[in-house]
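Here's a quick briefing to read alongside the structure.

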Number of protein chains: 2
Amino acid sequence: MALSETILVCLTERPMSGYDLAKFFDTSVGFFWNASHPQIYRELKKLEQRGHVASHREIQTGKPNKIVYEITSDGRSALYDWSKEAVSEPVFKDDLLVRLQAIEHVDKAALRVQIIQRLASARQRLDQYHHIRDRRFSEGAVEAPNLGKMMGLELGIEYENGWINWCESVLKRIEHFEA
Amino acid sequence: MALSETILVCLTERPMSGYDLAKFFDTSVGFFWNASHPQIYRELKKLEQRGHVASHREIQTGKPNKIVYEITSDGRSALYDWSKEAVSEPVFKDDLLVRLQAIEHVDKAALRVQIIQRLASARQRLDQYHHIRDRRFSEGAVEAPNLGKMMGLELGIEYENGWINWCESVLKRIEHFEA
DNA sequence: TGCATATATGTGTCAACGCACATATATGCG
DNA sequence: CGCATATATGTGCGTTGACACATATATGCA
């Protein structure tokens with residue numbers, strides 16, 4: 001299971017609370033690994049039991065206090081060891097494509113709306129990724145530690161562009177044969 | 001949950017056994033919804049209890065007998081009703097991208113091999129998709145019932161092409177800074 | 001006969017996951 | 001004061017899903 005490793009990866013960037021991680025999953029690493037907040041909090045407990053992360057309470061003013069986790073040296077070596085293991089097959093599931101597969105057996109008007117919504121959300125994410133790229137990788141030479149993050153972001157950009165082009169072409173083609 | 005609907009979609013094409021479905025998931029619909037054979041057999045039981053599919057025993061010679069399922073009219077209307085519901089967010093998970101995100105904290109030689117393997121499997125799937133396209137959608141005009149399947153296949157082709165280009169560009173870039 | 005493989009259908013079990021719900025602190029608004 | 005919202009951390013519970021294992025038929029090969 002890669003949720004624990006994804007959390008460790010996040011914590012190599014900076015120490016974070018469960019709440020921070022949940023937001024980070026929603027806006028950044030969520031592109032290739034997503035998790036809900038209960039799952040993150042539970043996983044952090046397990047990681048602490050294993051000694052892969054350490055926590056301390058941080059007193060805040062104007063906000064509730066938080067528990068900040070940082071990766072330990074044991075956590076770092078666990079991450080390194082894991083990285084050598086075989087990569088599992090990427091998981092991809094999309095019930096929009098399930099509908100499309102049986103286009104003659106679904107509500108075509110609804111499908112059209114669903115594709116328009118998908119197009120909109122792809123455009124929104126593309127925008128978001130462009131902003132991250134401009135903010136973090138704007139200078140010509142990207143230093144080594146950020147190279148991987150930049151390449152991941154580039155994949156995300158290509159991915160969303162692919163969806164946008166595909167949705168547009170599908171919308172054009174289903175206009176013709178809609179009742 | 002879209003596993004039951006994916007099975008119904010498969011059965012709109014032709015009646016199938018659990019074994020057939022498992023192979024179909026591996027080679028066709030698996031691109032956008034995957035499932036293991038125990039999951040498929042259990043789901044078929046549930047679908048039959050709901051009356052969305054009906055089964056009959058088919059005696060075979062030279063092979064063990066099989067239980068063939070077909071979609072019922074209740075199943076068809078359940079599929080139609082489901083198609084109007086909101087599409088859930090597509091799920092994508094890939095621990096190769098998790099490794100890449102923390103490139104400074106992983107075994108870079110192993111990562112390089114993992115990317116080469118990903119490139120190979122993307123090329124293999126692309127090949128497979130090209131074969132399906134040539135076999136099923138070779139004639140100029142695709143009839144309406146197949147239009148959705150063809151558009152899904154086109155997305156798969158673009159998807160694998162995207163991975164291939166991306167893997168190649170990543171391999172070039174990590175050669176430079178490898179120890 | 002023994003063994004491997006393909007076909008065919010399952011069970012048992014546990015981990016992963018998602019959703020609703022619970023709880024508390026603090027700010028701002030009417 | 002009540003209410004909404006953001007921050008912050010959880011529990012409870014049911015579903016989904018993955019993996020090992022079990023079992024049976026039939027073919028082919030050594």
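To compare copies of a chain, they are superposed by least squares on the C-alpha atoms of residues with pLDDT of at least 70 in both. Keep in mind that this is a predicted model. With that in hand, here's how chains A and B relate: a rotation of 180° with 0.0 Å of shift along its axis puts chain A on chain B, with an RMSD of 0.0 Å. The two copies are therefore related as by a two-fold rotation axis.

**Around the axis**
- Within chain A, A:Phe92 has the C-alpha nearest the axis, at 2.3 Å from it.
- Both copies use the same surface, since 100% of the contact residues of chain A recur in chain B.

**Where chains A and B meet**
- On chain A, 51 residues are in contact with chain B, and 51 residues of chain B are in contact with chain A.
- Six elements of chain A each bring at least two residues to the side that touches chain B: α1 (3–13), α4 (73–84), β4 (91–93), α5 (95–101), α6 (108–136) and α7 (144–177).
- The biggest giver on that side of chain A is α7(A), with 15 residues.
- Sort the residues on that side of chain A by type and you get 29 nonpolar, ten polar and twelve charged.

**Strands pairing across the chains**
- β4(A) pairs with strand β4 of chain B (residues 91–93), in the antiparallel sense and over three bridges.
- To pick out one bridge, look at A:Lys93, whose partner in β4(B) is B:Val91.

**How chain A is divided**
- Chain A has a domain 1, covering 3–84, and a domain 2, covering 95–177.
- Taken over C-alpha atoms, the centres of these two domains of chain A are 28 Å apart.

**Around DNA strand C**
- There are 20 residues around DNA strand C, and the ones that come nearest are A:Met1, B:Ser17, B:Tyr19, B:Pro38 and B:Lys66.
- From chain A, α3 (37–49) gives two or more residues to the surface near this strand, and from chain B so do α2 (18–27), α3 (37–50) and β3 (66–71).
- α3(B) has the largest share of the surface near DNA strand C, at three residues.
- By type, the surface near DNA strand C is made up of ten nonpolar, seven polar and three charged residues.

Definitions and conventions. Residues are numbered from 1 along each chain as its sequence is written. Chains are lettered from A and ligands numbered from 1 in the order in which they are written. This is a predicted model: local features need pLDDT of at least 70, side-chain atom pairs count only at pLDDT 80 or more; totals for chains, interfaces and linings use all residues. Two residues are in contact if their C-beta atoms, placed from the backbone, lie within 7 Å. Helices (H or I, at least four residues) and strands (E, at least two) are DSSP runs, numbered from the N terminus. Ala, Val, Leu, Ile, Met, Phe, Trp, Tyr, Cys and Pro count as nonpolar, Asp, Glu, Lys and Arg as charged, and the others, Gly among them, as polar. Two strands pair if DSSP finds at least two bridges between them. Domain bounds come from an automatic or database domain assignment. A residue is near a molecule or strand if its C-beta atom, placed from the backbone, lies within 6 Å of it.
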